[in-house]
Amino acid sequence: MSTILSASVVRVRDGLPLSASTDYEQNAGVQECRKYFKSLAKRLSQLPDRCTLQAGKYNINFISSLGVSYMMLCTENYPSVLAFCFLDELQKEFITTYNMMKTNAAVRPYCFIEFDNFIQRTKHRYNNPRSLSTKVNLADMQTEIRLRPPYQISLSELGSANGYPHISRSEYSGNGKIAAAPHQRLGPLTLSGIVSFVLSLLCGALNLIRGFHAVESLLQDEREDFSYIIAFFLGTTACLYQCYLFVYCTGWRNIKSFLNFGLICLCNMYLYELRNLWQIFFHVAVGAFSTLQIRLRQPQGKSPDYNV
């Protein structure tokens with residue numbers, strides 16, 4: 001008999017379970033799938049927004065949207081169109097009931113456990129297809145799945161119930177394949193981070209303009225010190241590299257940002273004769289602010305081992 005066995009609502013960024021059905025079967029196959037649930041929940045931020053994992057006689061399907069993932073366990077012969085329509089209904093109801101601020105602010109597991117009532121009612125309907133009155137939605141979902149099929153996660157990729165090799169979510173085009181991402185995901189952007197990025201670009205542009213003026217002066221007057229030109233262009237490079245470090249995750253990122261800030265300070269010290277104290281203070285302060293924002297915007301770490 002094809003049935004939906006259970007469902008869960010999980011926060012994408014850290015795998016925190018927000019709600020779940022409470023009627024798991026106790027046979028060995030279902031208990032093994034619970035381990036896969038936990039392993040997948042830890043890596044939702046690295047996976048596409050629609051996936052399927054076939055685990056023996058069972059399938060795990062999930063969709064992700066607006067920072068929340070909706071996961072379900074069903075028997076292997078349960079129609080995929082019905083499975084993803086079921087998940088789509090959970091998603092629409094959850095988004096309608098709870099706003100993003102509440103889901104982002106949640107700190108303890110299963111804080112929306114009352115949503116289980118809706119999960120149970122919807123599961124009962126989908127386990128009795130004759131009671132469904134969603135023919136149009138089923139047709140739309142069938143078309144969508146045909147045009148953009150879910151990514152198939154194989155057990156060989158999963159490796160074991162305790163973990164599997166890194167799979168990148170970026171560059172996913174919906175054709176069942178995943179392209180590797182060149183960088184690990186960083187934390188979300190903040191207003192102060194955006195301000196530091198813009199100010200670093202401004203400082204880089206100011207250094208670049210002064211550098212070109214210094215080149216013109218050198219061409220007109222051979223007594224112009226060539227080292228000032230080097231200092232201006234080094235300052236430009238340092239400011240632009242600050243922007244790069246803020247946007248992308250690289251190895252030794254924090255150390256690079258501190259060394260880069262040191263270079264900004266040295267360049268401004270050398271240009272002391274060409275800049276007043278306020279100009280020097282502005283460039284150094286922007287460099288320090290950008291370094292702080294790089295330090296605060298860290299890569300997204302591993303999610304805790306919640307009992308999903």
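Predicted model: local features only at pLDDT ≥ 70, side-chain atom pairs only at ≥ 80, totals over all residues.

Modeller: Lys92 and Asp88 are four residues apart in helix H2 (residues 80-97), so about one helical turn separates them. Their side chains meet in a salt bridge, with 3.2 Å from N to O.

A second pair joins Arg148 to Asp49, where the closest N and O atoms are 3.0 Å apart. Arg148 lies in the loop between helix H5 (135-147) and strand S6 (151-153), while Asp49 lies in the loop between helix H1 (28-41) and strand S3 (50-55); the pair therefore ties together parts that are 99 residues apart in sequence. Arg148 is partly exposed, at 25% relative accessibility. Asp49 is partly exposed as well, with a relative accessible area of 23%; the limit for a buried residue is under 20%. Both residues also belong to a network of salt bridges that links Asp49, Arg50, Glu144 and Arg148.

A further salt bridge is formed by Arg11 and Asp14, whose closest N and O atoms are 2.7 Å apart. Here Arg11 is buried, and Asp14 is buried too.

Conventions:
Residues numbered from 1 in each chain as written. Heavy atoms only, no water. Salt bridge = Lys/Arg side-chain N within 4 Å of Asp/Glu carboxyl O. Buried < 20%, exposed > 50% of the residue type's maximum accessible area, 1.4 Å probe, protein only. Helix = DSSP H or I, 4+ residues; strand = E, 2+ residues; numbered from the N terminus.
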